[in-house]
Amino acid sequence: MSIASVPARDHDRADHVPALQSCVSDACVSLPIASLLPADSPRLEGEDPHHVRLMAELGDELQPIVVHKDSLRVIDGMHRLRARAGQGDTTIRARYFHGTDNEAFLFAVQSNTRHGLPLTREERRAAARRIIGAFPAMSDRALSKYTGLAQQTVTRIRKELPSHGLQGKRIGVDGRARPINPDEHRRIAEEYLRENPHASLREIARAANISPSTAQDVRRRAAPGERTRESAARQTAPVPRADADTRPSGAAQLRTLELLARDPSVRHTEAGRLLVQWLRLTTAVNQNRQLIAASVPEHCAEIVARAVRVCMADLDEFAGRLERP
């Protein structure tokens, strides 16, 4: 079933781009390699010969490729196809994808961010531009999930492109339409709550077209004394000294890491999971640096110090690369 044919659901849940795997057939077929067309791939430089050789070494362990049913164009598995053809095979195992050309490209991008040879940063950015053109209502968070880009990067890319007439809404990962500017909908929720103080969270959410969690936050802020408490907290909050250490505490670092680990654009990619593991290890070492320093043998101290400085320089270069647009 095509994504475009998914029936509309309640509260603005429509044909949003759900799990694309539902468009791939369960049955596996054997297709002539000569009948298949090259992929409409997000890879700007085509297939990597070295990766093709690696695929060839796996032999029968290769997973079936995915082919667009209507066009017989390869969606996922061009490296596997090249490997089979290079070994003299005339057929290959495949599964059919049932959907439009744009949906097929989205599936190709999603597949290449989850397994196989990772897409480069520029390839993912180029894919994001094309997906925004094909699915202008897709939210930045949903797009980051499919491309593996940071949500802030997706936001910058969208701002560089012409407007697509979104009529104030975007479709999120869960398929729900939400306003681009949520402040207006919060105001509507506050007015509805004033007129209906005993309304349920679901009723408030439906009236203002917001999520129940946002409705709960609106109700909490509207509670008697809440604004007074918030104002008092701001007034009594200590002003940090100019010469104070501005580095986040260990607890703050861990909270930031857990938020990063839950981000779909991070946790759904092998590189993202490796990044989180790396940062967790770095945090653990930092929190125990005195114990670790005391355990370094005296004759190894100079070697370790040089190695740490090299690592610090590499980390600084890595941080600078991330900060560049």
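Leu143 touches Ala128, Ile131, Ile132, Met138, Val154 and Arg158, leaving aside residues up to four places away in sequence. The model is predicted. Leu143 is also one of the residues where helix α5 meets helix α6, and it is among the members of the largest nonpolar core that touch the most other members.

**Nonpolar cores**

- The largest nonpolar core has 24 residues, and those touching the most other members are Ile75, Phe97, Leu106, Phe107, Ile131, Met138 and Leu143.
- Helices α3 (101-114), α4 (121-134), α5 and α6 each supply at least two residues of this core.
- The most is given by α3, with six residues.
- Another core, of 11 residues, lies apart from it, and its members include Ile33, Ile65, Val67 and Leu81.

**Helices α5 and α6**

- Helix α5 covers residues 140-147 and helix α6 covers residues 151-160; their axes come within 8 Å and cross at roughly 110°.
- Angles of 65 to 115 degrees count as roughly perpendicular, so α5 is roughly perpendicular to α6.
- The crossing of the two helices is right-handed.
- On the α5 side the contact is made by Asp140, Arg141, Leu143, Ser144 and Thr147, and on the α6 side by Gln151, Val154, Thr155 and Arg158.
- By class, the residues of this contact are two nonpolar, four polar and three charged.
- Two of the α6 residues in this contact, Val154 and Arg158, are also in the list of residues touched by Leu143.

**Ala108 in helix α3**

- Ala108 lies in helix α3.
- Its relative accessibility is 1%, so Ala108 counts as buried, the cut-off being under 20%.
- Not counting residues up to four places away in sequence, Ala108 touches Pro42 and Ile75.
- Ala108 and Ala127 are 19 residues apart along the chain, and their C-alpha atoms are separated by 9.9 Å.

**Leu72 in a loop**

- Leu72 sits in the loop between strands β2 (65-68) and β3 (74-76).
- Although it is not a glycine, Leu72 has a positive phi of about 60°.
- Most residues other than glycine have a negative phi.
- Leu72 counts as partly exposed because its relative accessibility is 27%, which falls between the limits of 20% for buried and 50% for exposed.

Key: Residues are numbered from 1 along each chain as its sequence is written. This is a predicted model: local features need pLDDT of at least 70, side-chain atom pairs count only at pLDDT 80 or more; totals for chains, interfaces and linings use all residues. Side-chain values use heavy atoms; hydrogens and water are left out. Axes are lines fitted to C-alpha atoms, for helices over the stretch in contact, and angles run from 0 to 180 degrees between N-to-C directions. Helices (H or I, at least four residues) and strands (E, at least two) are DSSP runs, numbered from the N terminus. Angles under 35 degrees count as roughly parallel, over 145 as roughly antiparallel, 65 to 115 as roughly perpendicular and the rest as oblique. A crossing is left-handed if the near helix is turned anticlockwise from the far one by less than a right angle, and right-handed if clockwise. Contact means heavy atoms within 4.5 Å. Ala, Val, Leu, Ile, Met, Phe, Trp, Tyr, Cys and Pro count as nonpolar, Asp, Glu, Lys and Arg as charged, and the others, Gly among them, as polar. A nonpolar core is a set of buried Ala, Val, Leu, Ile, Met, Phe, Trp, Tyr and Cys residues joined through side-chain atoms within 4.5 Å. Buried means under 20% relative accessible area, exposed over 50%, partly exposed in between (1.4 Å probe, protein chains only).
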